[in-house]
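Hi,

Here's the structure I promised to pass on to you. Have a look at it first, and then read my notes below.

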Amino acid sequence: MAQGSSQGDDDGADGGRGGPLHRVVVIVDANSNPFELGCATEVFGLRRPELGRDLYAFSLCSPEPRTLMRDGFFTLTGVAGLEAAESADTLIVPNRPDVEVPRRPAVLDAVRRAHARGARLVGFCSGAFTLAEAGVLEGRRATAHWQWADSFRARFPGVRLEPDVLFVDDGDILTAAGSAAALDLGLHVVRRDHGAEVANAVSRRLVFAAHRDGGQRQFVERPVPDVRDESLAPVLAWAQERLDSPLSVPDLAARAALSPATLHRRFQAQLGTTPLAWLTGERLTLACRLIERGVTGFDVVARRSGLGSTANLRALMRRETGLTPSAYRRRFGPATQQH
């Protein structure tokens, strides 16, 4: 466990918000991947002095006192037993490279019990196999690492697999494609729980992109440029400073000295999305942050974020956050943030 994590001994202390912290518990099983465990610890387990409060109560548990991690890299000891999963508000399930090996019955039973009592379930990478084997994904949407898509479909035909996205949020069950997508999903969960401003603070500490939409492709081509730097970073930074302006895809292309078609190809290759989708996502994130900071009047928020109209703001927020602007303000506005 990383030093300074918000684990165990706070017993769900409220972190200065007037109520118990949301408990995130990670089940670690034999041959689990250290990287995804590290992602969960970084996003949910570290204390947040820069925010003046903790976001989660975080702990690990395992069905065995000693857990040999993937390929014998190291042995994990000193964590709680599997009974700790019974108190989880969010349960992150084991992910392992040996996807054809059945999970322990005790682990699957813990997942089923958590689901039955309404806990949120999260699977990183091959964690989707754990969820599917537990039977909680039947008829549900999910994703997994692209290299295991065929195997997953063959074993779990009743799951609606979306193999070419970073992560899937299906309400109380969320799955990520693996590796860096675990960070994307983790930040998405923070954004869902605490708002865009807090998620951006966490991403800054991680030195990681604050928001990559779950619908972006898993596999992004990154060709080495022949001569000149073909990075989109300059035009992205330029656009982020002008989100309140009536920017269009042709404007971005002109700034990058590219044709719109070439710009589109560069976005797909480097970011796995389209210029318009990226621009809309950036504007929506800005709109959420403005609401959190207490900007009054949703017409002002829509104008300052470049979304134009209150109707457009409302439609996009409902689609991406599941909340209306008013509901988002009640949940994440200044009056709810006790720093």
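Predicted model: local features only at pLDDT ≥ 70, side-chain atom pairs only at ≥ 80, totals over all residues.

Tyr-328 and Phe-332 are both buried. They sit 4 residues apart in helix α13 (residues 325–332), so about one helical turn separates them.

The mean pLDDT of the chain is 85, with 86% of the residues at 70 or more. Confidence is highest in strand β5 (residues 90–92), at 98, and lowest in helix α6 (residues 196–206), at a mean of 86. Be careful with residues 1–5, where the pLDDT is below 50; beyond near neighbours in sequence, that stretch has 12 contacts in the model. Residues 7–17 are also below 50, with 25 contacts beyond near neighbours in sequence.

Back to the rings. A search of the whole structure turns up 7 aromatic pairs. One of them is Phe-129 with Phe-152, an edge-to-face pair with 5.1 Å between centres and 85 degrees between planes. This pair links distant parts of the chain: Phe-129 belongs to helix α3 (residues 127–133) and Phe-152 to helix α4 (residues 149–155), 23 residues apart. Both Phe-129 and Phe-152 are buried. They also belong to one aromatic cluster together with Trp-148 and Phe-156.

Now for the charges. Side chains of opposite charge can pair when their charged atoms come close. How many salt bridges does a search of the whole structure find? There are 21 salt bridges.

Take Glu-50, which has a salt bridge with Arg-48, the closest N and O atoms being 3.9 Å apart. Glu-50 has 41% relative accessibility, so it counts as partly exposed, whereas Arg-48, at 2%, counts as buried. Glu-50 also meets Arg-205 in a salt bridge, at 3.2 Å from N to O. That one links distant parts of the chain: Arg-205 is in helix α6 and Glu-50 in the loop between α1 and β2 (56–61), 155 residues apart. At 39% relative accessibility, Arg-205 is partly exposed.

Salt bridges with shared partners also join Asp-29, Glu-64, Arg-96, Asp-98 and Arg-104 into one network. Within it, Arg-104 and Asp-29 form a salt bridge with their closest N and O atoms 2.6 Å apart. Asp-29 is buried at 1% relative accessibility, while Arg-104 is partly exposed at 28%.

Key
Residues numbered from 1 in each chain as written. Heavy atoms only, no water. Phe/Tyr/Trp six-rings, centres within 6.5 Å; stacked < 30°, edge-to-face > 60°. Helix = DSSP H or I, 4+ residues; strand = E, 2+ residues; numbered from the N terminus. Buried < 20%, exposed > 50% of the residue type's maximum accessible area, 1.4 Å probe, protein only. pLDDT = per-residue confidence, 0-100. Contact = heavy atoms within 4.5 Å. Salt bridge = Lys/Arg side-chain N within 4 Å of Asp/Glu carboxyl O.
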